[in-house]
Amino acid sequence: MAKLTLYHAVQSRSAIARWMLEEVGEPYDIHLLNLSKGDNRTAAYLAVNPMGKVPALQHGDAVVTESAAICTYLADAFPKAGLSIPIGDPRRGVYLKWLFFSPGCMEPAVTDRAFPRKEEPRRATLGYGDFDTTMNVAAQAVAKGPYLMGEQFTAADVVVGSMLRWGTMFNLIPPRPEFAAYTERLSQRPALQRAEAKDKELAAA
Ligand SMILES: N[C@@H](CCC(=O)N[C@@H](CS)C(=O)NCC(=O)O)C(=O)O
């Protein structure tokens, strides 16, 4: 089987891909980068990800970057893990919507609020519209549970859940009971606990 290698840095967005790999349950290697030492700006790493960002995933000859794309790719590449909604299933559209909603709407909404622009752009020009609508849509989606797609945990929960966990932890997303209940459910997942324990070990080394 083709080897899986995650280009990873602790306390970074590559934790999303690490969690996903633990959910998939296949063996993988970690190629650890120290961002503060500039490991992500070396010619060798820029050949892997010209953006100079983590995460990046190597799977045999394939290189995938962008955390949401990595989660989508892994869910499709390892269908036995049951983390994807397959092509042909009518629920796939909603599943893909959530995989794109986090990087396309939630993250820009959060970062624009954290680093405000000098001039407020017109709502219609922003892909996410406005912060409150984005968060209301996310809150409504996670309220019923247990997961975004109902009973089935999917890659979309890794992506949206990571965003909500990170955003609420740093008070960039306002606390709401729907978010608290959902992220609490996610924190019970053994794969997430394993990913966090392994990263804690790496951080302490
Ligand atoms: N859109 C990318 C963002 C990745 C990203 O911004 N990673 C940060 C770590 S959280 C990084 O590599 N920063 C190092 C740098 O830009 O120098 C994704 O979701 O994978």
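Q: Which helices are included in what covers the buried residues of α7?
A: In this predicted model, the cover over the buried residues of α7 includes α1 (14-24), α5 (131-143), α6 and α8.

Q: Which residues of helix α7 are buried?
A: A residue is called buried when its relative accessible area is under 20%. In helix α7, which spans residues 177-187, Phe179, Tyr182, Thr183 and Leu186 are buried. These residues cover an arc of only 95° around the axis, and they therefore lie on the same side of α7.

Q: How many salt bridges does the structure hold?
A: A pair is counted when a side-chain nitrogen of Lys or Arg comes within 4 Å of a carboxyl oxygen of Asp or Glu. By that criterion the structure holds twelve salt bridges.

Q: Which residue forms a salt bridge with Arg165, and how far apart are the closest N and O atoms?
A: The partner of Arg165 is Glu196, and the closest N and O atoms of this salt bridge are 2.4 Å apart. Because Arg165 belongs to helix α6 (residues 155-169) and Glu196 to helix α8 (residues 190-204), the pair ties together parts that are 31 residues apart in sequence.

Q: Is Arg165 buried or exposed, and what is the relative accessible area of Glu196?
A: Arg165 has a relative accessible area of 15%, so this residue is buried, whereas Glu196, at 41%, is partly exposed.

Q: Where in the chain do Arg92 and Asp76 lie?
A: Arg92 and Asp76 form a salt bridge in which the closest N and O atoms are 3.6 Å apart. Arg92 sits in helix α4 (residues 92-114) and Asp76 in helix α3 (residues 67-77), 16 residues apart, and the pair thus links distant parts of the chain. As for accessibility, Arg92 counts as buried because its relative accessibility is 13%, while Asp76 is partly exposed, its relative accessible area being 37%.

Q: Which residue forms a salt bridge with Glu178?
A: Glu178 is bridged to Arg176, and the closest N and O atoms in this pair are 3.8 Å apart. Glu178 has a relative accessible area of 24%, which makes this residue partly exposed; Arg176 is likewise partly exposed, with a relative accessible area of 24%.

Q: Which residues are linked with Arg194 in a network of salt bridges?
A: Besides separate pairs, one may look for charged side chains that are joined through salt bridges into a network, and here Arg194 is linked in this way with Glu22 and Lys198.

Conventions. Residues numbered from 1 in each chain as written. Predicted model: local features only at pLDDT ≥ 70, side-chain atom pairs only at ≥ 80, totals over all residues. Heavy atoms only, no water. Helix = DSSP H or I, 4+ residues; strand = E, 2+ residues; numbered from the N terminus. Buried < 20%, exposed > 50% of the residue type's maximum accessible area, 1.4 Å probe, protein only. Arc of directions from axis to C-beta. Contact = heavy atoms within 4.5 Å.
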